[in-house]
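Welcome, and thanks for taking a look at this protein with us.

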Amino acid sequence: MNNSKIREIILGKPLDPMKSETRHSMALVAFLAWVGLGADGLSSSSYGPEETFKALGAHTHLGLYMAIATAVTVFIIALAYNQVIELFPTGGGGYRVATRLVGPYMGLISGCALILDYVLTIAISIASGVDALASFLPLGFQPYKLWAEAFFIGLLIVMNLRGLKEAIQILLPIFLGFVATHLVLIVYGIFAHASHLPALLPNTLADTGQLATQIGWTGVAGMLLLAYSQGGGTYTGLEAVSNNVNLLAEPRVRTGKMTMLYMALSLAFTAGGIILLYLLWDAQPVAGETLNASTFKTIIASMGLGGPLLNQVLLVVVLAFEAGLLFVAANTGFLGGPSVLANMAADSWVPHKFRYLSTRLVTQNGILVMGLAALAILFWTGGSVTLLVVLYSISVFLTFAISLFGLCLYWARNRRRGTHWLRRLLLSAVGFVICAGILAILLVERFAGGGWATIVIIAAIAGLCIVVRKHYQKTKQAIHSVDQVFASQPFGANPEPVEPQLDDQTAVFIVGTSRGGGLHALLWVQRMFPGHFKNFLFVNARTVDSHAYGGEGALEQMRSEAAATLEYFVDFCHSHHMASASYLGFGTDAVDEVTRLCEQISEEFPHAIFFTSKLIFATDNWMTRLLHNQAALAVQRRLHLEGLQMVILPMKV
């Protein structure tokens, strides 16, 4: 069995990116997007509300304010991010907002924070999920938790390499099971204490007033702010839709807004409801159990459904769905992280290969990097959820704060009638103050407890990105100078096209976007083999990357640009009375597509020799090999194996 057959069994059959039905079948409707992208936010209700409630200490009556504040904050951030979906319908979320509205370097910081955010989404979700499962197993399992986490990450990598829709459909029952069980528990838990609800607000106000006489209103406010910021992890995941609008079904903006509505309603209800349950059922910490577990155990016992055994089984089912949802949330990192890397690759902050799609039309390189980085962080932290939460919250709220600041700048600059700019500016400003406040408190309170590591990691990623971009800019300038040199090449006077003859000697040029590179090869061949070749054919194979696959309009634009470049070469040859034609192909792998076109040409023109240019750097090292694909060498090897002749012409930059 050959490698391609094994790959097809594991990852599935290749998909054609140029078929519109392929995109429609891959795109996510609002409901599936809620499952695939909303699980990250919803799963945070497994640990965010608990951190908030525990921070209140003995003053649990303040939990009512926290429940209300949590629900309101979810909607404020969600509504603010609806603006991001409107302004940036091709995706990119926080990275695009910061880059376009604040500046490229602030965009870089936001992008680096988002990459870390998604790596930590995978790591913390898997670690928390395994912790939940381990609580049902003997203590002897504890030393194997890290290896179990590594196994689950490997499983998610394979699922996502097969395609995002397949991954989501597998995880759908777990997501729905979590929603159903928690809906029942929260609704029953609140209605079971319905008689206490009318007195809840007056009693809370009276208790708060009494507390203020002891520690002052400033002390009360400080306690509330600290508890509020400690539960900052509750809001993580709300940015996922704006980062991945390109994955949604058309009309994408409307689908994105519907997805955000589902996310906001489910998270506000679940997180706010759980805090209210803690308050109504007088939740107390129990050794070896989460607050959710101890509270749900009390609620299930009060239902009177059966004996202790049935109650224990029901509790296990609820907590198993909770653990399962954390695995679904980890999958969000494999959707969002590669999308951010692809957007950063489009701006040359990271290697361009992060834009390339696999045969299953997923950003394979991004998925592999996110998975391996999550594994590295898990082994570095030993799977400690406490440390991971610190790293996670700071990276998330750094992105939130930068994005919302960018929206404030946008509406302040675009004060046009009919845009409701003032209302949107105020909403963005409120969101910015909340997120910046939580970020500041987290940095001060948790700096020594792991906050410093977040800053170091983001700074290190940003430093590498700056080095990569400087190299790409230098290369782009060198290619532009080559284009300028050949731009002055005059066209001839012949107005009529000249058709190639199948039996004539044929020079086939594999060209890219650089007209200078193509003319460099053409003129070199004419100079070295004067009068030998009668036909001059031009081949271009465009890579359908994540940017081009973002929508049908982008594909059409890529097609027209490629056709215009080929037309330029053909017209140049015709003007000099040289027989010429062009061939254009599209695929996820340029080498495969070029090889296919060259084999097709060799059958039509048996006397064909293939030529292409290759960039030659003064200093060739591992970095240049990493940042530039070796397509010319790969095509040459493939053609030589087929018995076809190909010459690579060096083009020094």
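Here is a short tour, from the overall picture to single residues.

This is a predicted model, in which local features need pLDDT of at least 70 and side-chain atom pairs count only at pLDDT 80 or more, while totals for chains, interfaces and linings use all residues. Residues are numbered from 1 along each chain as its sequence is written, and side-chain values use heavy atoms, with hydrogens and water left out.

**The overall picture**

- The protein has 22 helices and 5 strands; helices (H or I, at least four residues) and strands (E, at least two) are DSSP runs, numbered from the N terminus.
- Of the 653 residues in the protein, 54% are buried. Here buried means under 20% relative accessible area, exposed means over 50%, and partly exposed lies in between, with a 1.4 Å probe and protein chains only.
- Among contacts between residues at least 6 apart in sequence, 81% join residues at least 24 apart; a contact means heavy atoms within 4.5 Å.

**Two helix pairs**

- Start with helix α20 (residues 590-604) and helix α22 (residues 631-641), whose axes come within 10 Å and cross at roughly 40 degrees. The axes are lines fitted to C-alpha atoms, for helices over the stretch in contact, and angles run from 0 to 180 degrees between N-to-C directions.
- That angle makes α20 oblique to α22. Angles under 35 degrees count as roughly parallel, over 145 as roughly antiparallel, 65 to 115 as roughly perpendicular, and the rest as oblique.
- The crossing of α20 and α22 is right-handed. A crossing is right-handed if the near helix is turned clockwise from the far one by less than a right angle, and left-handed if anticlockwise.
- On the α20 side, Val-591, Asp-592, Val-594, Thr-595 and Cys-598 meet Ala-631, Ala-634, Val-635, Arg-638 and Leu-639 of α22.
- The residues of this contact between α20 and α22 divide into 7 nonpolar, 1 polar and 2 charged. Ala, Val, Leu, Ile, Met, Phe, Trp, Tyr, Cys and Pro count as nonpolar, Asp, Glu, Lys and Arg as charged, and the others, Gly among them, as polar.
- Next come helix α13 (residues 291-303) and helix α14 (residues 308-346), with axes that come within 10 Å and cross at roughly 140 degrees. This makes α13 oblique to α14, and their crossing is right-handed.
- Asn-292, Ala-293, Phe-296, Lys-297, Ile-300 and Ala-301 of α13 meet Asn-311, Leu-314, Leu-315, Val-318, Leu-319 and Glu-322 of α14. By class, this contact of α13 with α14 has 8 nonpolar, 2 polar and 2 charged residues.

**Residues to visit**

- Tyr-235 sits in the loop between α10 (197-230) and α11 (240-243), and is buried at a relative accessible area of 1%.
- Not counting residues up to four places away in sequence, Tyr-235 touches Ser-44, Ala-69, Thr-70, Thr-73, Val-74, Ile-77, Tyr-228, Phe-397, Phe-400 and Ile-438. The C-alpha atoms of Tyr-235 and Leu-42 are separated by 8.8 Å, although the two are 193 residues apart along the chain.
- Helix α17 (residues 421-487) holds Thr-454, which is buried at 0% relative accessibility. Leaving aside neighbours within four places in sequence, Thr-454 is in contact with Leu-116, Val-390, Leu-391, Ile-394 and Ser-395.
- Ala-440 also lies in helix α17, and this residue is partly exposed, at 39% relative accessibility.

**Cysteines**

- The model has 0 disulfides, a disulfide being a pair of cysteine sulfur atoms within 2.5 Å.
- Cys-408 is buried at 12% relative accessibility, and Cys-573 is buried at 0%.

**Positive phi angles**

- Most residues other than glycine have a negative phi.
- Ser-348, which is not a glycine, has a positive phi of about 65 degrees. Ser-348 is in the loop between α14 and α15 (364-381) and is buried, at 15% relative accessibility.
- His-577 has a positive phi near 60 degrees. His-577 is found in the loop between α19 (552-575) and β3 (579-587) and is exposed, with a relative accessible area of 56%.
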